[in-house]
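Okay, hi everyone, thanks for coming. Let me put the structure up on the screen, and then I'll walk you through it.

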Amino acid sequence: MGTRYHNLGEPVTLSEADTRAKLIDPALHASGWTEDLIRRETTAGGIEIVDGRPRRRRGRTDYLLCLPAPSGLSPLAVAVVEAKPDDQPHTVGLEQAKGYARRLNLPFVYSSNGHRFAEYDDFTGHTREPVAPLDFPSPDELRKRYEAGNGFALDSATAQPLFAPYKGGESVRRYYQDAAVRACLEKIASGGKRVLLPMATASGKTYVAAYILWKLARAGQLRRALFVCDRTFLAQQGKEKLYGSFGDDAAVVSTSNPQKNARILIATYQALNVGGDTEEDAPTDAGFFLENYLEDFFSHIIIDECHRSAWGKWKVILDRNPNAVHIGLTATPRTVVGASHEDEEIRDNAKYFGEPVYEYSIGQGVEDGYLAPPEVIRRVPNLDARGQITRQEIEERTAQDFVTGKPAEASDIRERYLPTDYDDLLMLPDRVRAMSEDLFHLLRESGGPLQKTVIFCARDAHADAVTNEMNNLYADWCQANGQQRVETYAFKCTIKADNPGAALAEFKGSRRTHFIATTVDLLSTGVDIEWLQNVVFFRYLTSSIMFYQMLGRGTRIYVPSGKLMFRIYDYTNATRLFGEPFESRPRPSRERKPPTGDKERVIRVEGFDVQVTDAGRSVLVERDGREVLIPLEEYREMVAARLTEETPDLDTLRNRWLEPAEREALLKRLPGGERSAKLLQNLEGLGECDLYDVLAQEGFGVAPKTRRERAEALTYKHADWLKALPARAAGLVKALAGQFARGGITELENVHVFQTRAVSKAGGVQTLRELGADAPSVLRVTKEKLLAP
């Protein structure tokens, strides 16, 4: 009976894992790639949203080949190897592996079925295949090709930081952080003095900076470094992360203490006396900086948020240190369109620093499971949908001067106001109230009002109005529900607010107070708010740079609180800026700036009937390398079209779904990949179904079954088959079906599935031994029966 059961699901070919272990690993070893030169990089695993709740799926493991390092140092990764089953062509995984190599910053790419290899060399752009296992290049051969491609020798002094180990070991960094560090150090080793590193908000740019400086220091190439930013709280955050590597050798500069004895100086432009509080502030005479730091005082300068800090504030710092390495960090590298005068070279990140050495996007971070995916909810106030408010409409109502409260003069009222003017030049209390009520209702429906939320407003006065409305709504809710009010619910966090630093500290650090922060742009960049659950746009935006910076407040994952996703409530169509280039126009020079004349008066008018309607939910996908938000219905059509192209019938879909590698490849081919397909599952209310049923419905119109329904159907649809099995085998299959009911097909492929309580109770591995069956066979046949029509 064991043999019969074994044959029902036994693979007839070697799996990817078997191909690697039995064919590829021996070939690599024969070419000199010993175990210490083979590294496994595993991602965290993306987040899927099921029934509005996040859940992490398994990560991806990549196999890297590393060049040997001197004793006590770390091998240098240079190649990735992608294994495929031994019955597939050796080239089938090459394009997939190229994508991995780009993310890993590796120049050499290999795909193999165990019998032959295909090679891609990113330095030359050439593909070579077939390569016999006996002809696989040795470590010494790849070292020579790596050195030739980069233009430096690995035994040179400038290359030694590449071999320096991480403080705390390899486990402290993520794969993309290591890729970014290597990319920076490679450019420096090749003689580059300017380095641009764009990485998504919450991906750990400051940690990367610390790793780079640590490796340079370990190799004896760091004399003194300056980490410069434009906000005090950013300097403090930088200190916290740099302190982990350098301890008291990392110090924050103040106007009273230049910290000249420290090795790592962390400073704001204001502390250095080279810039004011805003982008429009003119640089000062830089006396503090010039008096305390001699020419070439620093060997390395890191400009944090370099897209923001590019208004002439750097110039004196960089000019004073012409021989230093200048590194620009940002999530949104700015390009200035039509730039002509010299100052714009500083504003244009690529023109000053050069092309990015490495990039890590929000989309990739979500796919890898390091950044939280957004759920986008679009809302439309009817006043905004109309497109304008006319002078006549205002004069028919009570219009006041917003500052004085006196009746507005006719000469102070425009002929028309556009939505971009609302609650900026035209204050509309009815609109504020309606939008706040709508948002509060959505918060209640998605978990309750006590959610950490940032609301971006048009101006300071708008933030005040929204704060008041949200507090009133919360007070009414507490009274109606017999709840004790928290001390501070909604609060304004702008430069003009009373002690915004203290309020921000409570917002970040306390889970009992300060839940709703209204702001203009103080929270738009750099602030780490780990458990932020919602980003709300009450403000109109035209800058994609500003949008992505604001969006980035929510992308941070915080496992202790269970925060693995966030929501975007968009009332101003700000999310149209997904995928737009990070461009800006040249700003007028101060000498050419026209006089402002009299300041335009702000008008306040009441008496409008404001209604907010649902504009649907959207899915973030990638088109032609750009992130694009598309309506759910359009996305469903795209999924169905691609799905039927890849799997022409339901049987093909089912057969591909049974194989983990085939399933992964299929999901990658869908618009937006697996992360968008999972979001579709949530939006369709199919969280209790395996993703197979979601796609079967979209592509072939098959009524979806929940995971539990499929597990229960196993007992009657395949009753004869179960009866023919030994009792212990049937019990084991039923226990495995129970695991499917809990988490779907991926739950059965968990390496610990046979150690779960229910499966262990059914005999687990011991039952397999008694039956003479192997785990892959049992799992394969169970999956086949569960997905059978």
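So, let's start with contacts. If you take the contacts in the chain with a separation of 6 or more, 72% of them are between residues 24 or more positions apart. Keep in mind that this is a predicted model.

Here's the overall picture. The chain has 789 residues, and 56% of them count as buried. On the secondary structure side, we've got 31 helices and 29 strands.

Now, the inside. The largest nonpolar core holds 79 residues, and the ones with the most contacts inside it are Leu154, Leu213 and Tyr358. Helix α5 supplies the largest share of this core, ten residues. There's also a second, separate core of 51 residues, including Trp721 and Leu768.

Let's stay with Tyr358 for a moment. What does Tyr358 touch, once we leave aside its neighbours within four places in sequence? The partners include Arg102, Arg103 and Asn105, then Tyr175, Tyr176, Ala179, Ala180 and Ala183, plus Leu197 and Pro198.

Asn105 has a positive phi of about 60 degrees, although it is not a glycine. You'll find Asn105 in the loop between α3 and β6. Is Asn105 buried or exposed? It's buried, because its relative accessibility is 17% and the cut-off for buried is under 20%.

There's another residue like that further along the chain. His514 has phi near 55 degrees, again a positive value in a residue other than glycine. His514 sits in the loop between α18 and β23, and at 12% relative accessibility it counts as buried too.

Back to helix α3, residues 94-104, which is where Lys98 is found. Lys98 has a relative accessibility of 14%, so this lysine counts as buried. Apart from its neighbours within four places in sequence, Lys98 is in contact with Val109, Tyr120 and Thr127.

While we're on backbone details, look at the peptide bond from Glu129 to Pro130. That bond is cis, with omega near -5 degrees. Pro130 itself lies in strand β8, residues 126-131.

Next up, empty space. Rolling a probe the size of a water molecule over the atoms shows where empty space is left. In this structure there are two cavities of 30 Å³ or more. I'd like to show you the second largest cavity, with about 70 Å³ of space in it. Which elements give two or more residues to its lining? Those are β5, residues 76-83, and α5, residues 175-189. Among the lining residues are Leu76 and Ala77, Asp178 and Arg182, and also Arg39, Ala164 and Lys215. Sorted by class, the lining has six nonpolar, one polar and five charged residues.

Last stop: Leu216, in helix α6, residues 205-218. With a relative accessible area of 1%, Leu216 is buried. Leu216 and Ala164 are 52 residues apart in sequence, but their C-alpha atoms are 8.0 Å apart in space. Not counting residues up to four places away in sequence, Leu216 touches Pro161, Leu185, Gln221, Leu222 and His300.

Notes
Residues are numbered from 1 along each chain as its sequence is written. This is a predicted model: local features need pLDDT of at least 70, side-chain atom pairs count only at pLDDT 80 or more; totals for chains, interfaces and linings use all residues. Side-chain values use heavy atoms; hydrogens and water are left out. On a 1 Å grid over the protein atoms alone, a cavity is a set of points where a 1.4 Å probe fits but cannot get out, and a pocket is an open set with protein on both sides within 12 Å along at least five of seven lines; lining residues have an atom within 4 Å of a point. Grid points are joined across faces, edges and corners, and a volume is the space filled by probe spheres set on the points. Helices (H or I, at least four residues) and strands (E, at least two) are DSSP runs, numbered from the N terminus. Ala, Val, Leu, Ile, Met, Phe, Trp, Tyr, Cys and Pro count as nonpolar, Asp, Glu, Lys and Arg as charged, and the others, Gly among them, as polar. Buried means under 20% relative accessible area, exposed over 50%, partly exposed in between (1.4 Å probe, protein chains only). Contact means heavy atoms within 4.5 Å. A nonpolar core is a set of buried Ala, Val, Leu, Ile, Met, Phe, Trp, Tyr and Cys residues joined through side-chain atoms within 4.5 Å.
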